[in-house]
Amino acid sequence: IEMAGCDQGLFDFIELNGGIYAGGREFVACNHLKSIEYMHDSIDNTCPMMGYPCRDYDRFKDGHCLECGSQGCAQMGYHADQYAPSPGVTNLKYYLSTAERAPHCVYHYQVKLTLGTSSSAGDVHGTPQVSFVTQNAGATDYYDMTDGSIKLQPGNTYQYFLTTP
């Protein structure tokens, strides 16, 4: 699995990092260098870098593993020692998403969209979008819930996984 932001070509890294030396270093060691950036971001950040327990990455990316249970979620980085799994529990896998550039921490959301039924309702094609209302009563930009247009049918429920900075 590539770290977010490590899937670009050499010339992209050279341009983004201001030169051939820094860009080449970033290109070759991007996944390893990201760990330093993640640790730095986790030290004094109001956004907790939460890891969610899940049996595999595909289930996580589909939004099936965004609950932490009674034990709470594990944090990545500086605060990782504040979480301990239940006694005797081993081989746990935790997943989280990160932003490509600092600050890397993102909030994870599972969004369920249930369409009502009506005698006049029919199938439609479109790209569902969502906007979040923030604590200070502002609203975020709109986020596409799918990569493109999909068929939406009355009475169906659609589940999506979204991240926001």
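**Exercise 1. In which loop is the place of N91?** Then state its backbone angle and its exposure.

Solution. The structure is a predicted model, in which local features need pLDDT of at least 70, side-chain atom pairs count only at pLDDT 80 or more, and totals for chains, interfaces and linings use all residues. Residues are numbered from 1 along each chain as its sequence is written, and side-chain values use heavy atoms, with hydrogens and water left out.

Step 1. N91 is placed in the loop between β2 and β3. Strands are DSSP runs of E with at least two residues, numbered from the N terminus.

Step 2. The phi of N91 is near 55 degrees, a positive value in a residue other than glycine. Most residues other than glycine have a negative phi.

Step 3. N91 counts as exposed because its relative accessibility is 74%. Buried means under 20% relative accessible area, exposed over 50%, and partly exposed in between (1.4 Å probe, protein chains only).

**Exercise 2. Work out the sheet that contains β1.**

Solution. Step 1. Two strands pair if DSSP finds at least two bridges between them. Strand β1 (residues 50-53) pairs with strand β2 (residues 74-75) in the antiparallel sense over 2 bridges, and G51 stands opposite A74 in β2.

Step 1. β1 also pairs with strand β3 (residues 94-95), again antiparallel and over 2 bridges. Here Y52 stands opposite Y95 in β3.

Step 2. The 3 strands therefore form an open, antiparallel sheet in the order β2-β1-β3. Its edge strands are β2 and β3, each pairing on one side only.

**Exercise 3. Which residues make up the largest nonpolar core?**

Solution. Step 1. A nonpolar core is a set of buried Ala, Val, Leu, Ile, Met, Phe, Trp, Tyr and Cys residues joined through side-chain atoms within 4.5 Å.

Step 1. The largest one has 9 residues: M50, Y52, C54, F60, C65, L66, C73, Y95 and F161.

Step 2. A second, separate core has 8 residues, including V111, F132, M145 and Y158.

Step 3. Apart from residues up to four places away in sequence, C54 touches R59, F60, C65, K93 and Y95.

**Exercise 4. Which residues line the second largest pocket?**

Solution. Step 1. The lining consists of K61, Y143, D144, M145, T146, D147, Y160, F161, L162 and T163. On a 1 Å grid over the protein atoms alone, a pocket is an open set of points where a 1.4 Å probe fits, with protein on both sides within 12 Å along at least five of seven lines; lining residues have an atom within 4 Å of a point.

Step 1. β7 (143-144) and β9 (157-164) each supply at least two lining residues. The largest share, 4 residues, comes from β9.

**Exercise 5. Which residues does the cis peptide bond join?**

Solution. The bond joins A102 and P103, with omega about -5 degrees. P103 is found in the loop between β3 and β4 (107-114).

How values were computed: Contact means heavy atoms within 4.5 Å.
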